[in-house]
Amino acid sequence: MEVMEQRRNEIVAFVNEQGQVSFSQLKEKFPTVSEMTLRTDLKILDQNQQLVRIHGGAKSLVEVVGTEDFLKLRFVRNTEDKKIIAHKAKQLIKGNQTIFLDSGSTTTMLATEFEDKPNVIMTSGLTCAMELAKLKESRVVMLGGNMNCRSMSVNGYMKCFFHGDIRTLDYFDIAFMGVTRFDYETGFTCETLEDAEIKRLAVEKSNKVVVLMDSSKIGKRGTYTMCNLDQVDVVVCDDKLPENFIEECKARGILVY
């Protein structure tokens, strides 16, 4: 790979991870590269739709789109935080459970941590299912329906597992839910109505609801509410949660890891 191409890939990765960066941050990140070269890089990357140039810096496409963004971009953001969350959430998984694993980048990270135990795991995430395919003792059920090519989630037929002649499930022992944003007024949200309907049903049909969420999502309002704070039993997060959020969870009897 040429030096220029490698540098531009590193710029895109850096912007995706941070969400938004200033030009001074870029200069600090790439101290041996001239300002003129960095500005040229940003111009070309913007033209190639790999990021968006703004006054004084650049934004990730994730921040600009502001809706259900590309999973491959979300997966590289806050990677270390997602690993922390996945490792904590893994401790909640036991044997002989019926598990719902939501779609998303954090739940996909959790899927890589699953140990092979005699569980039934239903997932709405294509990337989650691909990670879970390595399991031998577990029975993995992939939801059918329409695929959201941005989030790699599948929706449409979940109700069939609980209603009608082909009902195969009564409830989940535990559900691991991914969220896009959280605000006290709107609750936990996602950005498509179809995904919200699946998430709401999973929450309704689960004995224990576990939300996986990095702290960057707190204090942001989303479009479609999937559940409120009172509907959650456990919040698994990174180690950067605001103290007022932790106290609010404790007051409501919600465990925080």
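Trainee: What span should helix α6 have at 1.5 Å a residue?
Mentor: This is a predicted model, and α6 covers residues 79-90. Its 12 residues should span 16 Å, and the end C-alpha atoms are 16 Å apart, so the two agree.

Trainee: Which residues of α6 are buried?
Mentor: Start with the general idea: an α-helix has 3.6 residues a turn, so residues three or four places apart point the same way. In α6 the buried ones are Asp-81, Lys-82, Ile-85, Ala-86 and Ala-89. They cover an arc of only 135° around the axis, which places them on the same side of α6.

Trainee: And in α3, which residues are buried?
Mentor: Leu-38, Asp-41, Leu-42 and Leu-45. Their arc around the axis is only 95°, so they share the same side of α3. These buried residues pack against α1, α2, β2 and β3. The face turned away from the buried side carries exposed Met-36 and Gln-47. After α3 comes Gln-49, with a positive phi near 60°.

Trainee: Now the cysteines: how many disulfides are there?
Mentor: A disulfide is a covalent bond between the sulfur atoms of two cysteines. With a cut-off of 2.5 Å between sulfurs, the count here is zero. For Cys-190, the nearest cysteine sulfur, that of Cys-227, is 9.7 Å away.

Trainee: Is Cys-249 buried or exposed?
Mentor: Cys-249 is buried, with a relative accessible area of 0%. Cys-190 is buried too, at 2%.

Key: Residues numbered from 1 in each chain as written. Predicted model: local features only at pLDDT ≥ 70, side-chain atom pairs only at ≥ 80, totals over all residues. Heavy atoms only, no water. Buried < 20%, exposed > 50% of the residue type's maximum accessible area, 1.4 Å probe, protein only. Helix = DSSP H or I, 4+ residues; strand = E, 2+ residues; numbered from the N terminus. Arc of directions from axis to C-beta. Contact = heavy atoms within 4.5 Å. Expected span 1.5 Å × (residues − 1).
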